[in-house]
Amino acid sequence: MSVSKCTRLSGALVKQLLDSVDSILFDCDGVIWRGDQAIPGAPQVINLLKENGKRVFFVTNNSTKSRKMYADKMTALGFDVTEDEVFGTAYCCAMYLKTVCKLEGKVYLIGSNAMRQELEAVGIQQTGVGPDHICGKPIDWANVPLDPEVKAVVVGFDEHFSYMKLNRAMQYLTQQGCLFVGTNRDTRLPLEGGKAVPGTGCLLQAVETAAQREAQTVGKPNHFMFDCVASQFGVKADRCLMVGDRLDTDILLGSNCGLKTLLTLTGVSTVADAEAHQKSGCPERQGMVPDYYVESIADLLPALQG
Ligand SMILES: [Mg+2]
């Protein structure tokens, strides 16, 4: 197809695009659901894609849920989904430590119970999840007790993040050979009504600043998330479509991996945002310009029902 970038996907173009791919990666929040509500028509789209023989996968930077928790949520919302089709950063982080780093030792985890579960599922022990209270007496901060078996610091979303955790992470990271992995760099999590809360990127940056080291991240836009799907299911980049609502994570992941890209307008980014990147003429920003956009993924329905 020779159409210019950031083209509105409609009419015959929808079927043309779907015919050109075997696999479709969907971001979750702002794409197939918003908070606890499915985007209208999204379950039908996903289920029909699968009935039409497409492989469908879900890739999310949110590290607060395990694969099972995602599959349960999706099933409750009407999506025909299995656990092995879900690639969240909690799971991908565990896979990264296991398969790429070949970690031998424990993880000091700034993160959630879901991350602990995914680490344990691949046989990696952790310490650190949950609150790390400070006791009454004066603390010798530079000499807090450390677990000698810890060989990696992992940072994901952690509602119990604290100065004590930041300090502990820094002490581990100044030790020889300690690995440093983050789930993702999203700085804000948008909520309904225009509100937002700090994202994992804020916590990761705090730890990086303290440790004076840069973490390797596994989440979008880093290609590891696609590698994870591709290696398990034999997905070919040139026969794959990435659908997302964020230009700086979803669309950039697609561009980084050579996938076709589709922006949906039910979430964070707008067509004006995409056009601003396109018109900037800045080569580094072109990866954030999607091939196509739709108002909602429900716009794919007519092509699937016809
Ligand atoms: Mg999203």
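Which element gives the most to the lining of the largest pocket? Strand E11 does, with three residues. The model is predicted.

## The largest pocket

The largest pocket holds about 810 Å³ of space. Its lining counts 32 residues. Asp 29, Gly 30, Asn 62, Leu 189 and Pro 190 lie nearest the centre.

## H4 against H8

Helix H4 spans residues 89–100, and helix H8 spans residues 224–233. Their axes lie 10 Å apart, and the packing angle is about 75°. Angles of 65 to 115 degrees count as roughly perpendicular, and H4 and H8 are therefore roughly perpendicular to each other.

On the H4 side, the contact uses Thr 89, Tyr 91, Cys 92, Met 95, Tyr 96, Thr 99 and Val 100. H8 meets them with Phe 224, Met 225, Cys 228 and Gln 232. By class, this contact has eight nonpolar residues, three polar and no charged.

## H4 against H5

H4 also packs with helix H5, residues 113–121. The two axes come within 8 Å and cross at roughly 35°. The crossing is right-handed.

Which residues meet here? H4 brings Ala 90, Tyr 91, Cys 93, Ala 94 and Leu 97. H5 brings Ala 114, Met 115, Glu 118 and Leu 119. By class, the contact of H4 with H5 has eight nonpolar residues, no polar and one charged.

## H6 against H7

Helix H6 covers residues 163–173, and helix H7 covers residues 200–211. They pack at about 50°, with axes 9 Å apart. H6 and H7 are therefore oblique to each other. Their crossing is right-handed.

H6 contributes Leu 166, Ala 169, Met 170 and Leu 173 to the contact. H7 contributes Ala 206, Val 207, Ala 210 and Ala 211. How many nonpolar, polar and charged residues does this contact have? There are eight nonpolar, no polar and no charged residues.

Definitions and conventions
Residues numbered from 1 in each chain as written. Predicted model: local features only at pLDDT ≥ 70, side-chain atom pairs only at ≥ 80, totals over all residues. Heavy atoms only, no water. Axes fitted to C-alpha atoms, helices over the stretch in contact; angles between N-to-C directions. Helix = DSSP H or I, 4+ residues; strand = E, 2+ residues; numbered from the N terminus. Parallel < 35°, antiparallel > 145°, perpendicular 65-115°, else oblique. Left-handed = near helix turned anticlockwise from the far one by under 90°. Contact = heavy atoms within 4.5 Å. Nonpolar A, V, L, I, M, F, W, Y, C, P; charged D, E, K, R; others polar. 1 Å grid on protein atoms, 1.4 Å probe; cavity = no way out; pocket = protein on both sides within 12 Å on 5 of 7 lines; lining within 4 Å. Points joined across faces, edges and corners; volume = space filled by probe spheres on them.
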